[in-house]
Structure formats: C-alpha cells, structure tokens
Amino acid sequence: MNTRGTRSTEAVATTVLRALAGNGPAVIDGRTNALNALLFGRLLPTRLSLAVARRIMARRGV
C-alpha cells in the first residue's frame, strides 16, 4: 500500500514509457511534482525557491 504522496512503481513506469514514445525533453511524474516544478522553476523568484528548499532540507535533517 502506498503512503500519502507516493506513487506506485507501475504508475511511474507507465509515465516513463509514455514519455519515451513522445519527443519532450523532460518528464515530470505526478500532479504534485508537476505543480512544484511549475512553482519553483517558473513562478517564484530563484531566491525564494532556494530559501524554501533550504528550509525543507533542514527540517528533514539533510
């Protein structure tokens, strides 16, 4: 059983296989990951994205 926020290996593999058939330069699996990529990569200023990432990593002890 999956914990909250994780995707099954089958779902990830399906995404990858579909992407291989396409011609895009990158693949982002899952809605949450796609939203994060949009926010942190395009909408938020770089300094804010880095500050948020730093805070998340510190909470996780990395």
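1. Order of elements. Read from the N terminus, the elements of the protein chain follow the pattern α-α-α. The chain has three helices and zero strands. The model is a predicted one, and the remarks below should be read with that in mind.

2. Confidence. The average pLDDT of the protein chain is 87, and 92% of the residues score at least 70. Among the helices, H3 (residues 46-59) has the highest confidence, with a mean of 93, whereas H1 has the lowest, with a mean of 89.

3. Overall dimensions. Taken along the principal axes, the C-alpha atoms of the protein chain fill a box of roughly 35 × 30 × 15 Å. The radius of gyration of the chain is 14 Å, while a compact globule of 62 residues would have a value near 11 Å. The student may wish to keep this comparison in view when looking at the two distances in point 8.

4. Burial and surface. Of the 62 residues in the protein chain, 5% are buried. The accessible surface of the chain amounts to about 5800 Å², and carbon and sulfur atoms account for 58% of that surface.

5. The salt bridge. How many salt bridges are there by the rule applied here? The count is one salt bridge. Arg7 and Asp29 form this pair, and their closest N and O atoms lie 2.6 Å apart. In general, side chains of opposite charge can pair when their charged atoms come close. Are the two partners buried or exposed, or in between? Arg7 has a relative accessible area of 39% and is therefore partly exposed. Asp29 counts as buried because its relative accessibility is 15%, the limit for a buried residue being under 20%.

6. A nonpolar patch. Which residues form a nonpolar patch on the surface? They are Leu35, Leu38, Leu39, Phe40 and Leu43, which together have about 430 Å² of accessible area. One of them, Phe40, is found in helix H2. Phe40 has a relative accessibility of 32%, so this residue counts as partly exposed. As a general point, an α-helix has 3.6 residues a turn, so residues three or four places apart point the same way.

7. Helix H3 and what follows. H3 consists of 14 residues and spans 20 Å from its first C-alpha to its last. This is close to the 20 Å expected at 1.5 Å a residue. Gly61 follows H3 and has a positive phi, near 75°. Gly61 lies in the segment after H3. With a relative accessibility of 68%, Gly61 counts as exposed, because a residue is called exposed when its relative accessible area is over 50%.

8. Two distances across the chain. Thr14 is placed in helix H1, and its relative accessible area of 35% makes Thr14 partly exposed. How far apart are Thr14 and Arg47 in space, and what separates them in sequence? Their C-alpha atoms are 34 Å apart, and 33 residues separate them in sequence. The second pair is Gly61 and Ala19, which are 42 residues apart in sequence and 33 Å apart in space, C-alpha to C-alpha.

How values were computed
Residues are numbered from 1 along each chain as its sequence is written. This is a predicted model: local features need pLDDT of at least 70, side-chain atom pairs count only at pLDDT 80 or more; totals for chains, interfaces and linings use all residues. Side-chain values use heavy atoms; hydrogens and water are left out. A salt bridge is a side-chain nitrogen of Lys or Arg within 4 Å of a carboxyl oxygen of Asp or Glu. Buried means under 20% relative accessible area, exposed over 50%, partly exposed in between (1.4 Å probe, protein chains only). Helices (H or I, at least four residues) and strands (E, at least two) are DSSP runs, numbered from the N terminus. The radius of gyration is taken over C-alpha atoms; the globule rule is 2.2 Å times the number of residues to the power 0.38. Accessible areas come from the Shrake-Rupley method with a 1.4 Å probe; for residues, only the protein chains shown count as cover. Patches are made of residues with over 30% relative accessible area and no salt bridge: like charges are joined within 9 Å, nonpolar side chains (Val, Leu, Ile, Met, Phe, Trp, Tyr) within 5 Å. pLDDT is the predictor's confidence in each residue, from 0 to 100. The expected span of a helix is 1.5 Å times one less than its number of residues.
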